[in-house]
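Work through the exercises below with the model open. Try each task before reading its solution.

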Amino acid sequence: MMLVTILLISFVGAGVTYLVGKSIPRLRGIVASLVALLPLILLAFLYGRVISIDYASVPFLDINLSLRLTPLSWLFAVSIVVLGGLAVIFSTGYMRGKERPDYYYFMMLLVNGAMLGIVLSGDFFSFYIFWELMSWSTYLLISYRGGESLGAGMKYIIMSVIGSSAMLLAIASLYVSYGTLEISSLATALQSASIGYALFALMMFTIAFGIKNAVLPLHTWLPDAYAEAVSPFTAVLSGMLTRMGVYGFLLIMYAIMGFGLLDMFSYGPINYNIILAWAGALTIVIPTFIALLQNDAKKLLAWHGIGQGGYMILGIAFGSTLGIAGGIFHTLNHAIYIVLLFLVVAAVEYRTGGKRSLDELGGLIKRMPVSFVAGLAGISGLIGVPLTNGFVSKWLIYKTLVTEQYPFLAFAALVGTWGTILSVFKFLHNIFLGQLPEQYKDVEEVPWTMRAPMIVLTILIVLFGVLPGIPLRAISAIQTHLGMTPLQTSLFGMPKALGELNTLNIFFAVLAAGLVAYAVFSLARRSKRVSQYDNYAAGARVPVGQYQHSVKFYDQADRLIRPYLRDRIDDFYSWIAGVSTDFFEQLGKIYTGNVNTYATWIVLFVAVLIFMGLLGWKP
Amino acid sequence: MANVIRVVRTYTRGDHRGLILLDRADIKKALKDPHKWGEKYSLWVTYFCTGCGIIEIPPVITARWDAERFGVKPMATPRQANLFLITGYVSVKTLRAIIITYEQMPDPKYLVAFGSCPIDGGLYYTSYNTINHLDRYLPVDGWIAGCMPRPEAIFIAVTKLWKMIDGEMVDGYKRYRKNIDYYRKNQERVLGREFIESIPPPVTVET
Amino acid sequence: MDRLVCGGADLHGAVGVETMTTLMRVVWIIVLPIIALLISVLFLGLFRKVTARIQRRYGPPIYQPVIDLVKLFTQHSNISHGLMFDAGLIIALAGSVVTVLLIPAGGIHPLSSSGDLLVIIYLMLIPPIGMALSAGASGNPNASLGVSRKLILALGYEVPFLLVLLTVMTYTETTSLLNVVQMQAGSILSWGVFRFPLAALATFLILPVMLGVRPFDIIGAPQEISSGPQVEFGGKYLAFATVEHALHIFIVIALFVDLFLGGATNLGTFFLKMLVVFLIGAFIGAVYPRFRIDQALRYCWKWPTLFALSGLILVVIIGG
């Protein structure tokens, strides 16, 4: 019953927020935040339980629609609610003064509800309904602002629809073969399927979830979509929505098919898992290096969204205990810090009047220190600096790749970090460090409704980095539920059999070293604070507004690697789109508007039919 | 036992002829006042070529005369230097850069005029563009006469500077703070009020 | 593909960690960074002396960096460009010290059970990021230029270095640096440089890049970008930056010795091996002019990467 309540709150709450917004605008934000966060309380009570209930029936298909809660659903549901709620709270500040706020909140809450529906659904019919609901509400939010966003939204919806159609094909064929769409029944039924059929179903689902999770070469919708969407929504989009693909992969690969079936899709040393792992590895390397060529803050983070998705796919596809745990953990961690980073970009946009180009900002640390610290925590997590959550999940993935003797995959994963470091340092430097331009010297820090989510997420990054046992316990429960050996960890360390990682020791060591360094630092004379214009400029006065190195930050490396990093896949898809448009335009010339021509077509068509009838063809 | 170096072919007079004291390895003295010890044997020079005299500096820092054996190194940025050699004549244009650079150096700092021109205008004393008496605009701690002085003269100056640091006789930077109004008045007269008001104020420090 | 995780620490119980009592461990945690600091400052002075002698001049005494640090630290005035300017250096130094604690240095490894080689290479990211934050906070484009060069150079040498590390980890089937060192115990022939020679060759080729000696001292090029990230560092800030640079040299050379020269069982032998490696680096740095950053990048991605890659392929094929 609780599951139905959760979904009802989300959907009905969305409508209520819309009505409240239309009638009493002041309460809009409060109601939206309450609706977004209320399911968290219910979910907290449901920890550790496995429930499955039927909530409706479709008589003409002879199936029952059901909801179910498994440890996997629980983890994803909690992430959705928490991150979606924080984004909504942030929007209460961000959307002040923007147009059509009721519509925006309605869509945000609808997206949250749809995602909850996806993870809580127990059969593929509800799964598909909620999936489509999520897809087109995303489209509406991406093209919220009109203009250029329409193009980005169009790209997104076309690719998403292709994925959904593939999934629909698979679902329909499953229904026809087995007569049921219940996930748990399908899991047992598929064990006895022929390899060809199971592979077909798997490939259809892979296309759908690969498009959603932006695995190379299905990623081209993502950068434009993220850049054009409203910033707090981009946070949700990147954090949880794209990761519905990861949830789908986990569902189809491990909850339904299982290891035994997956092992059968092999041809010598090549099997489905390895191919998917290599796709994940390529998704790590190429997009993280494309990210360092970007000059738009949101596009840069978008390319990182694609790249980090590669880590998740790599971990999950690899299939070992550490790998799957690392992949799921990375999904959670990535959600936290990418939401944080997009909120930071939104905060900067809010105060600088919509600026997000990395060529025009600078020095904002002096006026927006909280946003800077949040940004620093976010990029530390993204890079995987030890003591942040990103490091632990990456460590798990590296460890499994190295110990299982797959050094090339490990190399792809490791070198992605360096592309990340370069690009996110450019991101942080061009926005917050350097000289503050004159036109921004009076900007203030963002209001409390916008600061609070950023602070919460920063704390989470460090907390999960130092005490990774907290989320890892939930992940071990998932692994037990999926029937594999679970990862055994303590609150802050890995057991001896796994190798060395003791985050608490490292934390205390860094803290102690930092305190000693600070003590030595204070022993010397106090330093005097000087303004940014009291700077070395070879004996000249600092030229105001012209003393910032942020344009072409990595010029020399850029020139060396840019020719290799064109997004040729995007060009390929655009070429196909262009060719198809031409073809269909030519085809549309049938409609000439002239009745005589139409009569000719009909006569010709009848002639062809008669001719074929004479030849003996019966339709 | 203190180290002793013998300076050959010196062109100066006074009490430096012959033997100079290099007490770098005197640990007791170093421990008594580590700051002075560090100050003396790690004099970093701002690598700012203010005038024609800079031609004498590269021989000093390269292999033949090797200033690095005394700890003297050229540094690219004034934030890291504590010795400023005004090498050669000072034009009005260069004075702007010299003032900004001098004020960016951290305390304690020493300004040594190298050549005859900063003393009284030297060769160019009738020019409209030369600053004839540098010590009216910036506090000079020592002078090296000559046009140009030889590299050995720089070593003499450095060793004399050691003695003066020991005796706490070089306080140019303190004089600059105390008499900032006097110096600013002179600087403004030559460089204009608009320039003086546009440079950042010198960092005041309590010693 | 339900593989069980194979233990990477089978040798752990055999030697070393368990025999160190907590008290000794705490003592070493405090003493080891101090020893590392002294040795690395000595190396800095040695570098200047060796360079001078190669250039046929006398050069400063070996303890010159001590004089420099004393002067910088006791300077009467320091200027700061804000909180991040101060904090970045403290973070960098803290990161360096913790990395020193994790690398086995001749039988002393107080914290090596808390982090393996993967943790070490990730902890090595903290100091450059801290310095980069400090440099960025100074608001000087020379500093930003220096930071961009530093990161590009790091990208350059990390590609072959990661391949080398993966070769070592695949060959020795462990990710623990302590195990790698212990596997090289025995005769000289079991040193890493003989077991995976291509990897050692690649690392030797990028050693000057990692140490930051000419021809790769591009980051703080005084003549080009006015000391790069350190352009606004004076007084205690420069002292901290120098100490951090010294510790970085220590970490890089200690890693090289542990991976390829068999580590050591006592501190004396360990520092002797470090000295040899450092002297080779100093000899290279004394005679070369400086590369441009794109030349450096091309250098790193050509022969060292080729050797490292072939080393890795060889190890994967022949077996490890």
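The model is predicted, so local features need pLDDT of at least 70 and side-chain atom pairs pLDDT 80 or more, while totals for chains, interfaces and linings use all residues. Residues are numbered from 1 along each chain as its sequence is written, chains are lettered from A and ligands numbered from 1 in the order in which they are written, and side-chain values use heavy atoms, with hydrogens and water left out.

**Exercise 1.** Describe the interface of chain C and chain A.

Solution. 
- Start with contacts (heavy atoms within 4.5 Å). On chain C, 82 residues take part; on chain A, 82 residues.
- Next, take the area. Interface size is often given as the accessible area lost when the parts come together. Here, buried area is that loss with a 1.4 Å probe, summed over both parts. Chain C and chain A bury about 7,300 Å², with 72% of it on carbon and sulfur atoms.
- Look for salt bridges (a side-chain nitrogen of Lys or Arg within 4 Å of a carboxyl oxygen of Asp or Glu). The rule finds one across this interface. Its partners are Lys399(A) and Asp116(C), with the closest N and O atoms 3.7 Å apart.
- Now ask which elements of chain C supply the side that touches chain A. Helix 6 of chain C gives the most, 17 residues.

**Exercise 2.** Find how strand 5 of chain A joins strand 1 of chain C.

Solution. 
- Apply the pairing rule: DSSP must find at least two bridges between the strands.
- Strand 5 (residues 527-529) of chain A has three bridges to strand 1 of chain C, and the strands run parallel.

**Exercise 3.** Is Ser393(A) buried or exposed, and what does its side chain join?

Solution. 
- Check accessibility. Buried means under 20% relative accessible area, exposed over 50%, partly exposed in between (1.4 Å probe, protein chains only). Ser393(A) is buried because its relative accessible area is 0%.
- Trace its polar partners. The side chains of Ser393(A) and His330(A) make a polar contact of 2.9 Å. Such a contact is a pair of N or O atoms within 3.5 Å; within protein, one must be able to donate a hydrogen and the other to accept it, and residues adjacent in sequence count only if both atoms are side-chain atoms. The backbone oxygen of Gly390(A) lies 3.1 Å from a polar side-chain atom of Ser393(A).
- Finish with contacts, leaving aside neighbours within four places in sequence: Ser393(A) touches Gly326(A), Phe329(A), His330(A) and Asn333(A).

Note on methods: Buried area = accessible area lost by both parts, 1.4 Å probe. Helix = DSSP H or I, 4+ residues; strand = E, 2+ residues; numbered from the N terminus.
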